[in-house]
Amino acid sequence: MILLAVYFLLPLVWLLVSTTKTTAVLFNSPMLLPSSLATFVANLKELSLTNGGLYWRWYLNSVIYSTVTATLSTLISALAGYALAKYQFKLH
């Protein structure tokens, strides 16, 4: 289980660490050692300015879509679970 956790979490850790590096440093430094918090802030600023901040619109769209989808699927599952628990069906 620990091996699987490392397998699935390592890309996420690498992604977070890579946000602290410049492009030149990214491939020429140890993979899991962060570079600098100042570089993280500069990368975030560049991301915010690229295409007029379009990334944040995409991010908001993803948050809204996933929240609405998760809420609706939870509601439908709860209603279906209630119906299956309370009612007797002919094929049951």
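**Close-up views of a predicted model**

**View 1. The largest pocket and its lining.** Around the largest pocket sit Leu 15, Ser 18, Thr 19, Lys 21, Thr 22, Thr 23, Leu 26, Phe 40, Asn 43, Leu 44, Glu 46 and Leu 47. On a 1 Å grid over the protein atoms alone, a pocket is an open set of points with protein on both sides within 12 Å along at least five of seven lines, whereas a cavity is a set where a 1.4 Å probe fits but cannot get out; lining residues have an atom within 4 Å of a point. The space in this largest pocket comes to about 350 Å³, where a volume is the space filled by probe spheres set on the points, and grid points are joined across faces, edges and corners. Sorted by type, the lining has five nonpolar, five polar and two charged residues. Here Ala, Val, Leu, Ile, Met, Phe, Trp, Tyr, Cys and Pro count as nonpolar, Asp, Glu, Lys and Arg as charged, and the others, Gly among them, as polar.

A word on the ground rules: this is a predicted model, with local features needing pLDDT of at least 70 and side-chain atom pairs counting only at pLDDT 80 or more, while totals for chains, interfaces and linings use all residues. Residues are numbered from 1 along each chain as its sequence is written, and side-chain values use heavy atoms, with hydrogens and water left out.

**View 2. Helices around the largest pocket.** Helix 1 (2–18), helix 2 (23–26) and helix 3 (37–49) each put at least two residues into the lining, and helix 3 gives the most, with five. Helices are DSSP runs (H or I, at least four residues), as are strands (E, at least two), and both are numbered from the N terminus. Leu 44 belongs to helix 3 and is partly exposed at 34% relative accessibility. The cut-offs: buried is under 20% relative accessible area, exposed is over 50%, and partly exposed is in between (1.4 Å probe, protein chains only).

**View 3. Helix 3 from start to finish.** With 13 residues, helix 3 reaches 19 Å from its first C-alpha to its last, close to the 18 Å expected at 1.5 Å a residue; the expected span is 1.5 Å times one less than the number of residues. At the start of helix 3, a side-chain oxygen of Ser 36 comes to within 3.1 Å of the backbone nitrogen of Ala 38. That's a polar contact, i.e. a pair of N or O atoms within 3.5 Å; within protein, one must be able to donate a hydrogen and the other to accept it, and residues adjacent in sequence count only if both atoms are side-chain atoms. Just after helix 3, Asn 51 takes a positive phi of about 55°, and Asn 51 isn't a glycine. Asn 51 lies in the loop between helix 3 and helix 4 and is exposed, at 62% relative accessibility.

**View 4. Thr 20 in its loop.** Look for Thr 20 in the loop between helix 1 and helix 2. Thr 20 is buried, with a relative accessible area of 12%, and its side chain reaches the backbone oxygen of Val 17 at 2.6 Å. Leu 44 is 24 residues from Thr 20 in sequence, and their C-alpha atoms are 9.6 Å apart in space.

View 5. Rings of Phe, Tyr and Trp (its six-membered ring) pair if their centres lie within 6.5 Å; planes under 30 degrees apart count as stacked, over 60 as edge-to-face and the rest as tilted. By this rule there are four aromatic pairs. One of them is Tyr 55 with Trp 56, edge-to-face at 4.9 Å centre to centre and 80° between the planes. Tyr 55 is partly exposed at 32%, and Trp 56 is partly exposed at 36%. Together with Tyr 59, Tyr 55 and Trp 56 form one aromatic cluster.
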